[in-house]
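Here is a friendly briefing to read alongside the sequence and the model. Please keep both open as you go through the points.

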Amino acid sequence: MSNIDVASPGSIEQKPMLQIQNVTKKFDDVLAVDHVSLDIPKGEIFALLGASGSGKSTLLRMLAGFDKPTSGQIILGGQDITSLPPYERPINMMFQSYALFPHMTVEQNIAYGLKQDKLPKDKIQKKVDEMLNLVHMTQYAKRKPHQLSGGQRQRVALARSLAKEPQLLLLDEPMGALDKKLRTRMQLELVEIIEQVGVTCLMVTHDQEEAMTMAHRIAIMDAGWIVQVGSPTDIYETPNSRMAAEFIGSINMFEGKITQDEADHVVIESHLLNAPVRIGHGIATALENPDVWVAIRPEKTRITRDKPATDINWSSGIIDDIAYLGTHSVYYVRLDSGKIIQANMANTERHGERPTWNDPVYVSWEESSPVVLNN
Amino acid sequence: MEVTNVQQGNSVFGVIKQIFPGRKLLIATPYLWLLLFFLVPFAIVLKISFSEMVIAIPPYSDLVEFADETLNISINLGNYLFLAEDDMYIRAYFSSIQIAFNATLLCLLLGYPMAYAMARAPQHMQTTLLLLILLPSWTSFLIRIYAWMGILKNNGLINNLLMALGIIDDPIIMMNTNFAVYIGIVYAYLPFMVLPLYANLVKHDHSLLEASADLGARPWKTFLSVTLPLSKSGVIAGSMLVFIPAVGEFVIPELLGGPDSLMIGKVLWQEFFNNRDWPVASALAMVMLLLLIIPMALFHHYQSKELESTNEK
């Protein structure tokens, strides 16, 4: 959670727009959010990723003002908003169910927030037209929400939450109510609109693909606290814990012991693998405990029929199962130790000759591929 | 449907089904019920309203007479004309509608917060609260109105208490006034207002209220611009359920009301039992029915329009 260098768009300023400081929320005796601190710079799209019950929605509701933190501060644009009611916060939210007012037309829904500010009629109309144009819904202005499709409702919900030009936009499971095909299209469309407006955005999702597609940075939440914060690449390629590694994508984990710990390489022996694991760089932190976990992503492994020429970074086994997924196949190889390892193979040829069930094979990987995780 | 009928036509069941189509039988049952117990009595009352009063049993003339090879059909419009002539009847209609309208408004003002609180109460308490609303109606309606007489009369509960406390020296006259009639009607019909309102409010999506707050509306504004418009059909249903029976109410003005609380139910009773003028009483009932059918038809029209718009999905 410490200083992680993010490769985000250059427009992001240094001073954080939103500061969450030591926020804790207790429901009766259950800690839903446990001392969470986060800084989110202006213009960033930030995703809280976690399973249900991880506390991500509670944190979002505290930002919107629907729940009060048990302790801690929420600071938006330098102002402490912790105790402000929702209707006084310069924050707007797009609800998971969209929560469009069913008795109002699209136009009236978008104008609702502006009316609360007692703006003159012509100004409201101008802003509503601008919003309708932004989300390409101008021809549906007079419709009621139930006459719209799921994707159209989402656009209206987005327009409504952007109409007041909030300092912070909250998205609660933005694609939760859409089918898979529409989801991919709307993800990119949503990001495009948000970046066009330039609003700071915090979203909550349980869908890792959604978080990785849309967000500049992601925080993985589990049991009320933040496991890791970083860019999608950071989180995927350098997870800081087993929890983070296992939460995103698939990964193979092996228990092992560090036998050599040098500045330029590390060697780890695992009883699950035939050959030792050699990693071509030193480990940043000196480990007190030599017992560690080695993690290797399935797409960073190779399956061959011939024994690799080296005496490191491989293991032998037989193919237990194959899942053909079109773009690639996932091979489940039962190693000699009995451990099953996942290995991906890209289907680059239409009818190439590939290993099949019960074939003896070797699984190998590059020196740069494994990640060492604390026990 | 026809295809399945043809296929089923081969079997024994199919033949039976063709003779007694289950669906039609099912739909016919309520219609038959309405025909027997609503339309036939209605036709009888309509018939009597066009007859003339005679001193006989039954106390009205026949519309169709056959004597001396002549068929006489006499339709007497006099009863209706009589209603228009005597302004007592017009005043009774007017004051019935006025009292029913005011009572409905009072029920709405009292019932809405009750229904709202019930719908917002914790889940496990809602059943108990519903039961409490219904509980009084387990006792006879008449007994409950008599109980109000005991409470409101000059030496009743309220006056005795206030005099014992020295707040007043002379009893406040509450019995036999319009005030007592209002108390009676509001008391008796409040559940009919609360129940449809509760049924409507409990279905409201809580996230709409949060969305409204999120967009900058204070709680009171949220209530006016989200909760209230969305409960419109509940308000209308509850108001109809109170207004319609209240217009024709007889027991409450008779027992709690005074000589000046003129309601059509009471007038109808007097025509029927005191004057034994069945034709005029029937004409009174017909006009009252017409007066009530208009708001009901409007309500029905509105509801079916509402249904249409929500079904357009």
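The contact between the two chains draws on 18 residues from chain A and 18 residues from chain B, where two residues are in contact if their C-beta atoms, placed from the backbone, lie within 7 Å. This is a predicted model, in which local features need pLDDT of at least 70 and side-chain atom pairs count only at pLDDT 80 or more, while totals for chains, interfaces and linings use all residues. Residues are numbered from 1 along each chain as its sequence is written, and chains are lettered from A and ligands numbered from 1 in the order in which they are written.

**The side of chain A that touches chain B**

- β6 (91–94) and α2 (106–116) of chain A each bring at least two residues to the side that touches chain B; helices (H or I, at least four residues) and strands (E, at least two) are DSSP runs, numbered from the N terminus.
- The most comes from α2(A), which gives three residues to this side.
- By class, this side of chain A holds nine nonpolar, seven polar and two charged residues. Here Ala, Val, Leu, Ile, Met, Phe, Trp, Tyr, Cys and Pro count as nonpolar, Asp, Glu, Lys and Arg as charged, and the others, Gly among them, as polar.

**Chain A as a whole**

- Chain A contains eight helices and 20 strands.
- Its C-alpha atoms fill a box of roughly 75 × 50 × 40 Å along the principal axes.
- Of the 375 residues in chain A, 39% are buried. A residue is buried if 20 or more other C-beta atoms lie within 10 Å of its own, exposed if 12 or fewer, and partly exposed in between, with C-beta atoms placed from the backbone.
- Among the contacts in chain A with a separation of 6 or more, 65% join residues 24 or more positions apart.

**Two domains in chain A**

- Chain A splits into domain 1 (16–245) and domain 2 (250–374), with bounds that come from an automatic or database domain assignment.
- The centres of domain 1 and domain 2 of chain A, taken over C-alpha atoms, are 39 Å apart.
- Where these domains of chain A meet, five residues of domain 1 are in contact with seven residues of domain 2.
- The domain 1 side of that contact in chain A has two nonpolar, two polar and one charged residues.

**Helix pairs in chain A**

- How do α2(A) and α3 (residues 121–134) of chain A cross? Their axes come within 9 Å and cross at roughly 130°. Axes are lines fitted to C-alpha atoms, for helices over the stretch in contact, and angles run from 0 to 180 degrees between N-to-C directions.
- α2(A) and α3(A) are therefore oblique to each other: angles under 35 degrees count as roughly parallel, over 145 as roughly antiparallel, 65 to 115 as roughly perpendicular and the rest as oblique.
- The crossing of α2(A) and α3(A) is right-handed. A crossing is left-handed if the near helix is turned anticlockwise from the far one by less than a right angle, and right-handed if clockwise.
- In this pair, E107(A), I110(A), A111(A), L114(A) and K115(A) of α2(A) meet I124(A), K127(A), V128(A), M131(A) and L132(A) of α3(A). These contact residues comprise seven nonpolar, no polar and three charged.
- Helix α4 (residues 150–162) of chain A packs against helix α5 (residues 180–197) of chain A at about 20°, with the axes 12 Å apart. That angle makes α4(A) roughly parallel to α5(A).
- The crossing of α4(A) past α5(A) is right-handed.
- G150(A), G151(A), Q154(A), L158(A) and L162(A) of α4(A) make the contact with L182(A), M186(A), L190(A), I193(A) and V197(A) of α5(A). The residues in this contact are seven nonpolar, three polar and no charged.

**Backbone and loop details**

- Most residues other than glycine have a negative phi, and most peptide bonds are trans.
- H136(A), in the loop between α3 and α4 of chain A, has a positive phi near 55°. H136(A) counts as partly exposed because 13 C-beta neighbours lie inside 10 Å.
- E173(A), in the loop between β7 (168–172) and α5 of chain A, has a positive phi near 40°. With 19 C-beta neighbours inside 10 Å, E173(A) is partly exposed.
- The peptide bond from I57(B) to P58(B) is cis, with omega near -10°. P58(B) sits in the loop between α3 (22–49) and β1 (64–67) of chain B.
- A223(A) belongs to the loop between β9 (217–222) and β10 (225–230) of chain A. A223(A) and G53(A) are 170 residues apart in sequence, with 7.0 Å between their C-alpha atoms.
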